[in-house]
Amino acid sequence: MEKFVNQPLKPRSFFTVSLSVLLATFATALGAQSVEAAKPMALRTIMERLGRDMQVVTGAISKEDWPLVAELAPRIAKHAEPPMSEKMRILAWLGADAGKFRGLDGQVHDAATAMGEAAQRNDGQAVIAAFSKTQQRGSPPFSRTLTRRPIEA
C-alpha cells in the first residue's frame, strides 16, 4: 500500500482521473435534472383537483344540494398552492401577467366564498350567480394564461 502513496501521479493518469470525476459529476447532475423535469408540477395537480371540485359543484347545483355546495366552496376558495420554488418559477414565467394571474385567483376566492355563503342560505339564484363568476374568473383565464407557452422546468 505504501508503494502507491509514495509514487508521483503521472500527468496522463492525473488527466484520466480528473476527467472521470468531472464526467461522473456532470452525469449525476444531469440525471438529477431529468428526474426533476419528469416530475409533474404541483400546479397541474391543484388545477385538476379544482376541476373535479367544480364538476361536483355543478352536479350539486343541478340537484339543489346546497349542503354539498357549501362544503365544497371553501375548498375551491382556499385551494392549495404550489411549493414556493414552483411558485417562483411560475411567477417568473408569467412575467407581466403575474399580477393579472394573482388578481384572477383573488376573484375566484371571493366568488367561491360568496357561493358557499349563498348555499348556506339555500339561495339557489345567488349560488348560480356566484358559481358563474367563479367559473368565469377561474378556468378560462387561468387556462389561457398558463397555456400560452409551456412553463420550463
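How many residues does helix α4 have, and how far does it reach from its first C-alpha to its last? In this predicted model, in which local features need pLDDT of at least 70, side-chain atom pairs count only at pLDDT 80 or more, and totals for chains, interfaces and linings use all residues, helix α4 (residues 66–77) has 12 residues and reaches 16 Å, close to the 16 Å expected at 1.5 Å a residue, the expected span being 1.5 Å times one less than the number of residues. Residues are numbered from 1 along each chain as its sequence is written, and side-chain values use heavy atoms, with hydrogens and water left out. Helices are DSSP runs (H or I, at least four residues) numbered from the N terminus.

Trp66, Val69, Ala70, Leu72, Ala73, Ile76 and Ala77 of α4 are buried, where buried denotes under 20% relative accessible area and exposed over 50%, with a 1.4 Å probe and protein chains only. The cover over these buried residues includes α3 (42–62), α6 (98–120) and α7 (124–137).

The axes of α4 and α6, which come within 8 Å, cross at roughly 160°; these axes are lines fitted to C-alpha atoms over the stretch in contact, with angles from 0 to 180 degrees between N-to-C directions. The two helices are therefore roughly antiparallel, a term for angles over 145 degrees, and α4 passes α6 in a left-handed crossing, meaning that the near helix is turned anticlockwise from the far one by less than a right angle. Trp66, Val69, Ala70, Ala73, Ile76 and Ala77 in α4 meet Val108, His109, Ala112, Thr113, Met115, Gly116, Ala119 and Gln120 in α6, with contact defined as heavy atoms within 4.5 Å. The residues of this contact divide into 10 nonpolar, four polar and no charged, where Ala, Val, Leu, Ile, Met, Phe, Trp, Tyr, Cys and Pro count as nonpolar, Asp, Glu, Lys and Arg as charged, and the others, Gly among them, as polar.

For α3 and α7, the axes come within 12 Å and cross at roughly 160°, so these helices are likewise roughly antiparallel to each other, and their crossing is left-handed. Met54, Val57, Thr58 and Ile61 of α3 make the contact with Val127, Ile128, Phe131, Thr134 and Gln135 of α7, and the residues involved comprise six nonpolar, three polar and no charged.

Most residues other than glycine have a negative phi. Glu64, in the loop between α3 and α4, has a positive phi near 55° and counts as exposed at 56% relative accessibility. Asn122, in the loop between α6 and α7, has a positive phi of about 60° although it is not a glycine, and Asn122 is exposed, with a relative accessible area of 53%.

Terms used
Parallel < 35°, antiparallel > 145°, perpendicular 65-115°, else oblique.
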